[in-house]
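Please look over the sequence and the structure shown below. The briefing after them is arranged by topic.

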Amino acid sequence: MRFQLKEYGAEAVAFDTASGDTHYLAPLALALFQLYREFPGLSSDGARHMLAQRHTIEPGLPLATQVDETLDGLCRIGLIRPE
Amino acid sequence: MKLLQLSSADLLECLRGSGIWLRTGPFSLRVRSRVPSVAAGLADLYGQFEVRRAHESFADFHVSVNAPNPLRRWLRPQVDFSFDGQLPFKPLPYDQAYPMLEWGLNWCVSMHAHQYLIIHAAVVEKNGGAAILPAPPGSGKSTLTAGLVLSGWRLLSDELTLIDRKTGLIHPLPRPVSLKNQAIPVIQAFSREAFINRPSHDTAKGTVAHLRPPKESVRRQHEPAPPAWVIFPKWTAGAETRLTPRSKAQTFMFLAQNAFNYSHLGADGFRVGTQLVDRTACYDFSYSRLDEAVAAFDRLADTPPWAG
Amino acid sequence: MRETGILLIQTLRTPHRVARFSLAQWDVLIRQARQAGLLARLYGLFEDNELLSALPHPVRWHFEAAGTLAQKQQIAVRWEVEQIRDALAPLNFPLIVMKGAAYVVAGLPAARGRLFNDIDILVPRGQLNQVEAALMLAGWHASGLSDYDERYYRRWMHEIPPMQHIHRATVIDVHHAILPETARYFPDPEKLRAAIEPAPGLPGVHVFSAADRILHSATHLFHDGELPHGLRDLTDLDLLLRQASAAPGFWTHLLARAETLQLQRSLFYALRYTRHFLGTPVPDEVTQALRAAAPTPALLKLMDAIFSRALVPIHPSCDDPLSSLARQAAYIRAHWLRMPPHLLLPHLLHKAFASPYQDAEARCLKLKPYRRTDTLPQVR
């Protein structure tokens, strides 16, 4: 397993055994990561939809941009594979 | 034999000759120096530490603090810290010879002792639980550490928290506590028991002096302790004494970024760090009055499961 | 030669000696080994020879801690090579990795217990500028050299100065040949390139053939190098030779290759000193065959005097009154072989008067263990 993950409530930390990098996953990042573990081929629209279903999202939050940015970040560090 | 049992003539002779062998926590040292303030510092602050006068055959770290060029004595005299013949630092003014020894010894440990995860934090113990105090410079960590060890807490270390990778326990390295600038008069006033040596001025950190570690802390320097709390102190003028729970994930990240050798340990650094955070309660701590801060810590140590 | 009295060298030759060591001897051994960058390698040697139980308790952590670092660096080197490969992929030539990094990607015994300063790569000369540009795009920049040193690299040596990564602080040494143009011999890079082998599990990454690796190591040490890690490089050579010589026909091939690449003199020294210092098994026929490449007896005597001192660890316990002179002589010789005389003297003068801290810091940059804590991107 390339990544070692340790969850602390809504947050997590992850260790990349390939690069030696260590990452912090804020609640949104962790939620998205868990989603993608269950549904690897999810589109970013689909991700937003499922997030809204599973979690209470603060009203007025620019969810779309945040989700896209977070997904980008997760791909960049290798936790999620881009489609 | 303890260092205080050596006459000052003997101490000087050893330091100027083949060196003095000392045991500090898990590490043995061989220290050489012709600089009088180094001898004075050792005599003042290391009295309770074990020494061996006869030429001890093995030492973990061979160090010396000496002037680089005897001819410079009259211009701007300087001192070098040498680790087994290597000079890891640029020279410092002669007046800073003793603090340079302390900084050099910290460097030796943090560069080499990878049997531990080494966090840049103070650590103290009471009732069987250790409290780790990481903090950026200027947060008042050293003042708080000094206050605690002068109030019955055991000093494990003022700079280097050594976490044994195999057991997760914290190994003591109770060397003198470094105090800077305002902390010096504050601690002197806080306790009559406080012995602080002659300050060095104009260092990169301002005025620096060291507090003699409590006798009991040195006596127990081979007793490791389990970590119980990670507490981030912050001194702010007029602040209320308050302990607030802190995110464990963010605590872990801070510790990883402030460990000297986290990245050297690979996946094991991650394992030891996360296990540490698992088994400790993590807090932010704000305070302005040292006596109240100590009382707050005492209450924490007296609360089950930590009540002695 | 006097170096046979040095504990570290005795131990490398005959590890079982340590079973009878006093604590005082362990103290000296550890200090010599640390200075030479060989603590982790020694640990591996003890492990292979079932000597771990002979280590007294106070000394163990020194070896284990070094071993931890070495293990971590292997992972870091591999990762770094992948990043370099990805950065240079658009330029479409096979990436050749040399020296320590090559031992890691090829999974050789010589990789074990080794510490790394930087990563050496070989690229086509005609693409040096594109390589530099591609590396810069990926975050590497010419490291903190003085202006003088940078000119030395670019103008006289026709090389790019070492490049350091802006986040990871890792350093790449980009080469287009294994000896500078100004050197006396010409080991043709095209010939080296024609014999490369792929690194297992790392598509796009290649290493020299076994014989060429050995010749390169020998050249680096005896023709070109400044010898800060002389003994360590010698142990690399020893490990490479022992492994490669298991293949049938190896020695004949090595001799032929040395001739093709004009590197017989370096090979001569390499075999002479690995055999002498470390007991590397070299068949007599091979020594005989290289006699033609030997220097004159007078010069050989001088080289012996120099290398017997310059190859030992830089440590008070290893010095004799001539050690410092010997190291300087080795240094001068390396530059002599690299540069024409009219360039040599000004260059050496400059080096003599530059601040020692300038050098030390430059060395520290390269010797910094691979840090990861500066790259903790926040994912929000």
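Predicted model: local features only at pLDDT ≥ 70, side-chain atom pairs only at ≥ 80, totals over all residues.

Residues are numbered from 1 along each chain as its sequence is written, while chains are lettered from A and ligands numbered from 1 in the order in which they are written.

**Chain C overall**

- Chain C has 17 helices and 8 strands; helices (H or I, at least four residues) and strands (E, at least two) are DSSP runs numbered from the N terminus.
- Of the 380 residues of chain C, 42% are buried. A residue is buried if 20 or more other C-beta atoms lie within 10 Å of its own, exposed if 12 or fewer, and partly exposed in between, with C-beta atoms placed from the backbone.
- Among contacts in chain C with a separation of 6 or more, 69% join residues 24 or more positions apart. Two residues are in contact if their C-beta atoms, placed from the backbone, lie within 7 Å.

**The sheet of chain C**

- An open sheet of 7 strands in chain C has the order 3-4-5-2-1-7-6, with mixed pairing. Two strands pair if DSSP finds at least two bridges between them.
- Its edge strands are strand 3 (140-142) and strand 6 (197-198) of chain C, each of which pairs on one side only.
- Strand 1 (residues 95-98) and strand 7 (residues 205-207) of chain C run parallel and are joined by 2 bridges. Within this pair, Ile96(C) is opposite His206(C) of strand 7.
- Helix 4 (residues 57-88) of chain C lies across strand 1, strand 2 (119-122), strand 5 (171-175) and strand 7, at about 35 degrees to strand 2. Axes are lines fitted to C-alpha atoms, for helices over the stretch in contact, and angles run from 0 to 180 degrees between N-to-C directions.
- Helix 6 (residues 128-137) of chain C lies across strand 3, strand 4 (163-165) and strand 5, and runs at about 125 degrees to strand 3.
- Ala169(C) is in the loop between strand 4 and strand 5 of chain C. Ala169(C) is not a glycine, but has a positive phi near 65 degrees. With 17 C-beta neighbours inside 10 Å, Ala169(C) is partly exposed.

**Helix 3 of chain C and the segments around it**

- Leu39(C), Ala40(C), Arg41(C), Leu42(C) and Tyr43(C) are buried in helix 3 (residues 39-48) of chain C.
- The cover over these buried residues includes helix 1 (7-13), helix 2 (23-36), helix 4 and helix 10 (230-244) of chain C.
- Ser22(C) is in the loop between helix 1 and helix 2 of chain C. Ser22(C) counts as exposed, with 11 C-beta neighbours inside 10 Å.
- The C-alpha atoms of Ser22(C) and Pro56(C) are 9.3 Å apart, although the two are 34 residues apart in sequence.

**The sheet of chain B**

- In chain B, 6 strands form an open sheet in the order 3-1-2-4-5-6, and the pairing is mixed.
- Strand 3 (51-52) and strand 6 of chain B are at the edges with a single partner strand each, so one side of each has no neighbour in the sheet.
- Strand 4 (residues 61-66) and strand 5 of chain B are antiparallel and pair over 4 bridges. Val65(B) has Phe81(B), in strand 5, as its bridge partner.
- Asp84(B) is in the loop between strand 5 (78-83) and strand 6 (92-93) of chain B. Asp84(B) has a positive phi of about 50 degrees without being a glycine, and is partly exposed with 19 other C-beta atoms within 10 Å.

**Domains of chain B**

- Chain B is divided into domain 1 (3-112) and domain 2 (116-302), with bounds from an automatic or database domain assignment.
- The centres of the two domains of chain B, taken over C-alpha atoms, are 25 Å apart.
- In chain B, 17 residues of domain 1 are in contact with 22 residues of domain 2.
- On the domain 1 side of this contact, helix 3 (97-112) and helix 2 (36-45) of chain B are the elements that give two or more residues. Helix 3 of chain B gives the most, with 7 residues.
- The residues on that side of domain 1 are 7 nonpolar, 7 polar and 3 charged. Ala, Val, Leu, Ile, Met, Phe, Trp, Tyr, Cys and Pro count as nonpolar, Asp, Glu, Lys and Arg as charged, and the others, Gly among them, as polar.

**Contact between chains B and C**

- The contact takes 19 residues from chain B and 23 residues from chain C.
- Helix 7 (residues 248-257) of chain B gives the largest share of the chain B side, 3 residues.
- The chain B side has 7 nonpolar, 10 polar and 2 charged residues.
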